[in-house]
Amino acid sequence: MRLGPPSFLASLRAPTSCRSALWQSSHSLRRNASAAAAVKPQDAEVEIPSYPTYDLSDKDHTRLRFQRNIGVSAHIDSGKTTLTERILYYTGRIRDIHEVRGRDNVGAKMDSMDLEREKGITIQSAATFCDWIATNHKGDKEKYAINIIDTPGHVDFTIEVERALRVLDGAILVLCAVSGVQSQTTTVDRQMRRYNVPRISFINKMDRPGANPWRVINQIRTKLKIPAAALQVPIGVEDELKGVVDLVRWKSVYNEGAKGQTIIESDEIPADVLEFATQKRRELIEQLAEVDDEIGELLIMDEEPNTTQLTDAIRRATVALKFSPVFMGSAVKNTSVQPLLDGICAYLPTPAEVSAVAHDTNLPVSAPPVPLVPAETAPLVALAFKLEEGRFGQLTYMRVYQGSMRKGQFIHHARTGKKVKIPRLVRMHSNELEDIDHIGPGEICAIFGVDCSSGDTFTDGSSSYTMTSMFVPDPVISLALNPVGQEGPNFSRALNRFKKEDPTFRVHVDKESKETIISGMGELHLEIYVERMRREYGVECTTGKPLVAFRETITQSADFSYTHKKQTGGAGQFARVVGSIEPMEIDEETGKDVGFENMVMAGNIPNSYIPGCEKGFYEALEKGSLSGNPVSGCRLILRDGAFHSVDSSELAFRLAIQGAFREIYNNAKPVILEPIMTVEVVAPSEFQSAVIGGLNSRRGTIIDSEVREDEFTAVAEVALNDMFGYASFLRGQTQGKGEFSMEYKKHLPVMPDVQAELNAAYRKTMPTAKK
Ligand SMILES: Nc1nc2c(ncn2[C@@H]2O[C@H](COP(=O)(O)OP(=O)(O)OP(=O)(O)O)[C@@H](O)[C@H]2O)c(=O)[nH]1
């Protein structure tokens, strides 16, 4: 988790005394159910220790000033991979350019999986690094080290975007010059906001007929609600695009050479864009004045900011998340990618400019977080943000937040307390590795041979810090998976590996049918794993019909007072629990919408039995009694109870909570929820009414539509259950010219008739269920 805009260097050095205080935990169990078990007893006064402070050395300052960790994210097919390929080429990281779905059949460097190259989509985010000699606003050259993560655009692989943004300091938001802000752009925008990631916007595909960057900028301002202004205007349009006018340095910038590798700069602004460029420079200053005091004052005094003032203001406002500078070009036509690289160096933050925090596991979860300082001398805190099974074993991607790591060094796994040696330390270049001996704070690397899950923290053992992990959305779709022939060990081996790599991929065995059920973020998501199972593990599988992941929730509170008592000759079971269940809103930061709160006073239930109660609650949530689907949006508050010195046990309390939950569930007026998707269709204008009619016939609600010269976009909310078979339906409706993307929006109650149907179907499968 990052804190807000960084005037944070001051806060890093805040006097320790202000953090050394008695602090009272009162609602510590509310926020994070999974962390709840580790929390200290409530209402205890806890002393916050005084943590040592670390200052950045001059060496740290210099290194971090020239370091950037950035991501490239966007709606599908906006050109992220194509852009990254250019970046790698111009920075000298690769010797030649290969296109996504290119005729040379090589495929883009960052799409290294065979499946990615075949389908022409990015499935896994890939990490790489490069050096760039940037030209600054004075025209001086400076060398920067840039770590880049290219993320997938398909919503099915959204966890990859979450993972990347969690550890990146800045991002490039790529938009198509024709389609503008699309549904997935909004999702990426939301993710960037969640992790406070400053962003540069890059309007790609300026060579396409109908390209209109000004409409796109307007959409950034109105739809994404972030002040934005162009730092460039194009020279030439569509096919004739030659370069851009740099509005900050007031220069014309052209690409020359077969691959646009030579940058030619000129002080002469072409006459046909001069007036327009002057107007857009004015617009840039006015937009900045809205968010930056210094420019605001200059504007009031009617003074023109100079290049340094303008650059500094753009940087300040971008890093403070108040503004997005907009660049434009065409990745495929090799135009204006180098100025974007200069922009990354000039305007995106250094690792020292974003604040990162950890939690001290010795304190309750709601204790104030501890700021981390990217100083080499500080004790190590690193976050494993992605796992990947490679040719040489498990590869763990790490972001080092403070301190450093060395090959051969021992590091501590914060969750398990295990000490592990780093056998091999590498920097990643897509699927190739470069061995290194040492990695400093603020950098990204990968290590081999360390067993952990994604989201785990590593330290040098001197602190008990852990970093909060990322938002993991719940699956929306599931299907039964059966290996053809005998089930061999590779079947479960593959499933275990996929589960570890991807927290949005879930596996369980259905208790009734005994079938293996896999769940995920969409049909494509699951299809990719079934295919990987075949290719990487040699296991051929058949799959059942995809099923929507229904959920249940409660709509009102209900109290319980329940005694679990059993006397069967030997030791008996006794546990009494009193409390309530109530509806719970989702926590935007953690994604949690279920929680267990212990408010038992005076030891009426001994502390040692509380974990049993909590376990019982989470088990009860696994299957709601309306339809057998998991229950979400529910908090249990345990207020009181009673125990017996001989007959009580953790098991008795676990069963007591389950019994209580079963007994009062219906009093809390449960309903069945279904996933609602945002569906965006782009198709030639002549098919507009057919497409809208098609969405209406699937009970969709049209929430936005836009008609451009030749094509239109329609955005609708449709229940996922009504979307099966839509791809071929749309193909038929639009002679194959329509495209659609779909992403999960929210869960909503199903219609009463559907609820009755699902309930009846569930009862039929449950001979023991109450009829
Ligand atoms: N006209 C035009 N096409 C482009 C440009 N950049 C990329 N494309 C094309 O757009 C398509 C998608 O490009 P990708 O680079 O795979 O897009 P992506 O955003 O990485 O795709 P996903 O990772 O699948 O979301 C390819 O056919 C590219 O050749 C551009 O500047 N102009």
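Two residues are in contact if their C-beta atoms, placed from the backbone, lie within 7 Å. The legends below describe close-up views of a predicted model.

**Figure 1. Contacts of V326 in the largest nonpolar core.**
Leaving aside residues up to four places away in sequence, V326 touches S201, I203, I217, A228, A229, A230 and L231. V326 belongs to the largest nonpolar core, a set of 120 residues. The residues with the most contacts inside this core are A230, V326, L341, A382 and M398. At least three residues of the core come from each of domain 1 (60-347) and domain 2 (356-467). A second, separate core has 41 residues, with L495, L526, Y529 and Y744 among them.

The domain assignment divides the protein chain into domain 1 (60-347), domain 2 (356-467), domain 3 (477-544), domain 4 (551-668) and domain 5 (673-756). The centres of domain 4 and domain 5, taken over C-alpha atoms, are separated by 41 Å. In secondary structure, the protein chain comprises 20 helices and 41 strands. The chain has 771 residues, of which 47% count as buried. Among contacts in the protein chain with a separation of 6 or more, 73% join residues 24 or more positions apart.

**Figure 2. Packing of helix 7 against helix 8.**
Helix 7 (residues 158-167) and helix 8 (residues 183-194) pack at an angle of about 35°, and their axes are 9 Å apart. The crossing of helix 7 with helix 8 is right-handed. On the side of helix 7 the contact is made by V161, E162 and L165, which meet V188, Q191 and M192 of helix 8. By type, the residues of this contact are 4 nonpolar, 1 polar and 1 charged. Helix 7 is mostly covered, with 10 of its 10 residues buried. These buried residues are T158, I159, E160, V161, E162, R163, A164, L165, R166 and V167.

**Figure 3. Two loop residues with a positive phi.**
Most residues other than glycine have a negative phi. E238, although not a glycine, has a positive phi of about 45°. E238 lies in the loop between strand 9 (232-235) and strand 10 (243-246). E238 counts as partly exposed because 15 C-beta neighbours lie inside 10 Å. R699 is likewise not a glycine and has a positive phi, of about 60°. The loop that holds R699 runs between helix 18 (688-697) and strand 39 (701-707). R699 has 13 C-beta neighbours inside 10 Å and therefore counts as partly exposed.

**Figure 4. The glutamate E85 in helix 5.**
E85 is part of helix 5 (residues 80-90). Is E85 buried or exposed? E85 is buried, because 28 other C-beta atoms lie within 10 Å, and the cut-off for a buried residue is 20 or more. From C-alpha to C-alpha, E85 and S464 are 40 Å apart in space, and 379 residues separate them in sequence.

E294 is located in helix 11 (residues 293-300). With 15 C-beta neighbours inside 10 Å, E294 counts as partly exposed. Which residues does E294 touch, not counting residues up to four places away in sequence? E294 touches Q309 and A313. Q309 is 15 residues from E294 in sequence, and the C-alpha atoms of the two are 8.3 Å apart.

L748 is placed in strand 41 (residues 739-749). Inside 10 Å, L748 has 13 C-beta neighbours, so L748 counts as partly exposed. Apart from residues up to four places away in sequence, L748 touches L673, E674 and I676. L748 and M192 are 556 residues apart in sequence, and their C-alpha atoms are 25 Å apart in space. M192 is one of the residues of helix 8 that meet helix 7.

Conventions
Residues are numbered from 1 along each chain as its sequence is written. This is a predicted model: local features need pLDDT of at least 70, side-chain atom pairs count only at pLDDT 80 or more; totals for chains, interfaces and linings use all residues. Axes are lines fitted to C-alpha atoms, for helices over the stretch in contact, and angles run from 0 to 180 degrees between N-to-C directions. Helices (H or I, at least four residues) and strands (E, at least two) are DSSP runs, numbered from the N terminus. A crossing is left-handed if the near helix is turned anticlockwise from the far one by less than a right angle, and right-handed if clockwise. Ala, Val, Leu, Ile, Met, Phe, Trp, Tyr, Cys and Pro count as nonpolar, Asp, Glu, Lys and Arg as charged, and the others, Gly among them, as polar. Domain bounds come from an automatic or database domain assignment. A residue is buried if 20 or more other C-beta atoms lie within 10 Å of its own, exposed if 12 or fewer, and partly exposed in between; C-beta atoms are placed from the backbone. A nonpolar core is a set of buried Ala, Val, Leu, Ile, Met, Phe, Trp, Tyr and Cys residues joined through C-beta atoms within 7 Å.
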